[in-house]
Amino acid sequence: MGYLVITVPEGMRGLRGWFHSKAGLRQATALALAVVAGKRGRDGGRVGGYWGRGLARWHYFGDEHPGKWHPHLNILVEGGYLGRKRLRELKRDMKRAWLLPVLPVVNYRFSRQPGKMVHWLKYVTRATFLDKSWDQAMADDLYGFRNARWWGKWGDPLARGLEQVPG
């Protein structure tokens, strides 16, 4: 499993409202998925992209400074090692997609350890907007926001090395 975090640079967090409104986050998510997962083709499938299936979810605040607006997109993907060249390409593609004047901060790591993968899943799906008083207007705007987005065909066989859980 790969774990990707795309952080909006601090000076860009209010840029055109993209990262500080429900509509803006929805558009930023769609643009990010067009890069990471590929653009939607005429048949509804995805063309291009870096990974065939994954899960994306915004965290609005960071752990280091609770209450400070710090949007970052967490993405779990089915994948392994991503070389420096490919990571540079991904940063460039995200900069273009989000129309940023500077590269976004992109961190990527991967693991084959089931414990680490479960930890990442729990971490990514946790809430970070813990107190409405941090940004009451944004809390109101985010009501009904579809924060978790997934793509890919999840009926396909599991990645190598993982076993199907009976059920």
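Helices (H or I, at least four residues) and strands (E, at least two) are taken here as DSSP runs, numbered from the N terminus. The structure is a predicted model, in which local features need pLDDT of at least 70, side-chain atom pairs count only at pLDDT 80 or more, and totals for chains, interfaces and linings use all residues. Residues are numbered from 1 along each chain as its sequence is written, and side-chain values use heavy atoms, with hydrogens and water left out.

Strands of a sheet pair through backbone hydrogen bonds, either parallel or antiparallel. Pairing is assigned to two strands if DSSP finds at least two bridges between them. In this model, five strands form an open sheet in the order β6-β1-β5-β4-β7, and the pairing is antiparallel. The edges are taken by β6 (105–110) and β7 (149–151); each has a single partner strand, so one side of each is left without a neighbour in the sheet. From one strand to the next, the twist averages 15°, where axes are lines fitted to C-alpha atoms, for helices over the stretch in contact, and angles run from 0 to 180 degrees between N-to-C directions. Within the sheet, β1 (residues 2–7) and β5 (residues 69–77) run antiparallel and are joined by six bridges.

Helix α1 comes next. This helix (residues 22–36) lies across β1, β4 (54–61), β5 and β7, and runs at about 140° to β4. Contact means heavy atoms within 4.5 Å. Burial is described by relative accessible area: buried means under 20%, exposed over 50%, and partly exposed in between (1.4 Å probe, protein chains only).

T29 belongs to helix α1 and is buried, with a relative accessible area of 4%. Beyond its neighbours within four places in sequence, T29 is in contact with W58 and R149. K22 is also found in helix α1 and is buried, at a relative accessible area of 19%. Setting aside neighbours within four places in sequence, the contacts of K22 are M138, D141, L142, Y143 and F145. The C-alpha atoms of K22 and M138 are separated by 8.0 Å, although these residues are 116 residues apart along the chain.

L99 is exposed, with a relative accessible area of 53%. Its phi is near 55°, a positive value in a residue other than glycine.
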